[in-house]
Amino acid sequence: MAKVTSKNHFSPVLANKYWTDEESGWSYKYYYFCKHRKQVIDSHKDIGKTAWGYELNLYPQEVEDCLDSDLENESAVLYEKLISGEKLNAEQRMKWGQFIITQAVRTPSFFKYRDHLEKMSGGDYSYKHTILGCAGCEENKYIASRNWLILKAHESDFFIRTDNPVYMTGCLDNSTTVIFYPLTPELCFVACSFVETVLLPKGMELPFPQQDFLPLEKGDAYHINFELLKSANNSVILAKKNNNKVVSQMTLDMLGSFPQLPFMLSSAKNPIDESMVIESLTKLMSEVDGVHYPDYRDYPFSPFYGVEFSMGINPFSVFGVTEERLFVDNEKS
């Protein structure tokens, strides 16, 4: 008899596991929004390694099987390569693009907005059968062709993981969009804004995309976590050792206050088109969630090309400049 999986992980265990270890009893620190009490709850009961990031009967069984065999097995290897600093080749970058895009559209948060559109248009909800995409799909190039950075948190900082694991600042095909995906409590993958060919000297081709580590300054990860928390749907995990009063209060105040816009429902290649997309998506979210979301949302890390630090600019800092630049400017004044 074929195996039947009712516990469908939209945030795969291959990624979640980095937020726990033997020392923590293979469990996470967990915060969630309680619909009955209508508030964010600090769960004083830790949650086990496989007991977060899933929903019962979220996918058809054939989709669950394909996610395992056609995506996650290979993606787990690429995940390890990125963490270790091993460069991915062109084919592997496309597969990682598939993983990130699939991760963005396989969440309950995305499904509830897409389901509403299906209901309004009399759709058949068959889109769930196509969330996997393919390794060679054209849309993967919007991830694969960008420069990548692996942000390394300061030794006293860390990254969290929410139930909307992919944080996007705009539509996938918008060149200024930045895509964040925390890999571990210490590392966060970033697909940077894209330098369009029209900006290059005539006859010059884009070089092979870069893949580098970028050490962050103290406090930078908290600024990123703030945006991640705001973009969550209902819950977040963090390594138990990283739980403290600051992140606890931030989580209780901000979790899911303006969830990730389902940018993958739309396309926009310029600011004017994207402003219309954002207006439409925000209206959709307000209707579905019964919450009046603001018409405008600031994305402080967009655009981000990956060269800012070398110019003394730090978009992840509340000061907007690197510590070195701040020190120099203070000396001059």
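This is a predicted model: local features need pLDDT of at least 70, side-chain atom pairs count only at pLDDT 80 or more; totals for chains, interfaces and linings use all residues.
**Entry 1: a greasy patch**

I found a nonpolar surface patch of about 390 Å², made by Val195, Tyr305, Val307, Met311 and Ile313. Ile313 sits in the loop between helix H8 (271–289) and helix H9 (323–332). Buried or exposed, or something in between, for Ile313? Its relative accessibility is 33%, so I wrote down Ile313 as partly exposed.

**Entry 2: cysteines**

Next I went after the sulfurs. A reminder to myself: a disulfide is a covalent bond between the sulfur atoms of two cysteines. How many disulfides are there? The count comes to one. Cys134 and Cys137 are the partners, with 2.2 Å from S to S. Cys134 has a relative accessible area of 33%, so Cys134 goes down as partly exposed.

Then I checked Cys66, which is in no disulfide. Which cysteine sulfur is nearest to that of Cys66? The sulfur of Cys134 is, at 12 Å away. Cys66 is partly exposed, at 30% relative accessible area.

Cys192 is in no disulfide either, and its nearest cysteine sulfur, on Cys188, is 11 Å away. Cys192 has a relative accessible area of 1%, so I noted Cys192 as buried.

**Entry 3: a hole inside**

The structure holds one cavity of 30 Å³ or more. The volume of the largest cavity is about 130 Å³. Who lines it? I got 15 lining residues, and Ala104, Thr107, Asn164, Gln260 and Leu261 lie nearest the centre of the largest cavity. The elements giving two or more residues to this lining are helix H3 (90–105) and helix H4 (108–121). Which element gives the largest share of the lining? H4 does, with three residues.

**Entry 4: salt bridges**

Last stop was the charges. Side chains of opposite charge can pair when their charged atoms come close. I noted ten salt bridges in the structure, and followed up a few.

Glu72 pairs with Arg106, with the closest N and O atoms 2.8 Å apart. Why does this pair tie separate parts together? Glu72 is in helix H2 (residues 61–84) while Arg106 is in the loop between H3 and H4, so the bridge joins parts that are 34 residues apart in sequence. I checked how covered the two are: Glu72 is buried at 12% relative accessible area, and Arg106 is buried at 1%.

Then I moved to Glu227. Its side chain meets that of Lys230 in a salt bridge, 3.7 Å from N to O. Both are in helix H6 (residues 220–230), and because they are three residues apart there, about one helical turn separates Glu227 and Lys230. Lys230 is buried at 15% relative accessibility, and Glu227 is buried at 4%.

Glu227 also has a salt bridge with Arg297, again listed at 3.7 Å, N to O. This pair links distant parts of the chain, with Glu227 in helix H6 and Arg297 in the loop between H8 and H9, 70 residues apart. Arg297 is buried as well, with a relative accessible area of 8%. Through shared partners, the salt bridges join Glu227, Lys230 and Arg297 into one network.

Technical notes. Residues are numbered from 1 along each chain as its sequence is written. Side-chain values use heavy atoms; hydrogens and water are left out. Patches are made of residues with over 30% relative accessible area and no salt bridge: like charges are joined within 9 Å, nonpolar side chains (Val, Leu, Ile, Met, Phe, Trp, Tyr) within 5 Å. Accessible areas come from the Shrake-Rupley method with a 1.4 Å probe; for residues, only the protein chains shown count as cover. A salt bridge is a side-chain nitrogen of Lys or Arg within 4 Å of a carboxyl oxygen of Asp or Glu. Helices (H or I, at least four residues) and strands (E, at least two) are DSSP runs, numbered from the N terminus. Buried means under 20% relative accessible area, exposed over 50%, partly exposed in between (1.4 Å probe, protein chains only). A disulfide is a pair of cysteine sulfur atoms within 2.5 Å. On a 1 Å grid over the protein atoms alone, a cavity is a set of points where a 1.4 Å probe fits but cannot get out, and a pocket is an open set with protein on both sides within 12 Å along at least five of seven lines; lining residues have an atom within 4 Å of a point. Grid points are joined across faces, edges and corners, and a volume is the space filled by probe spheres set on the points.
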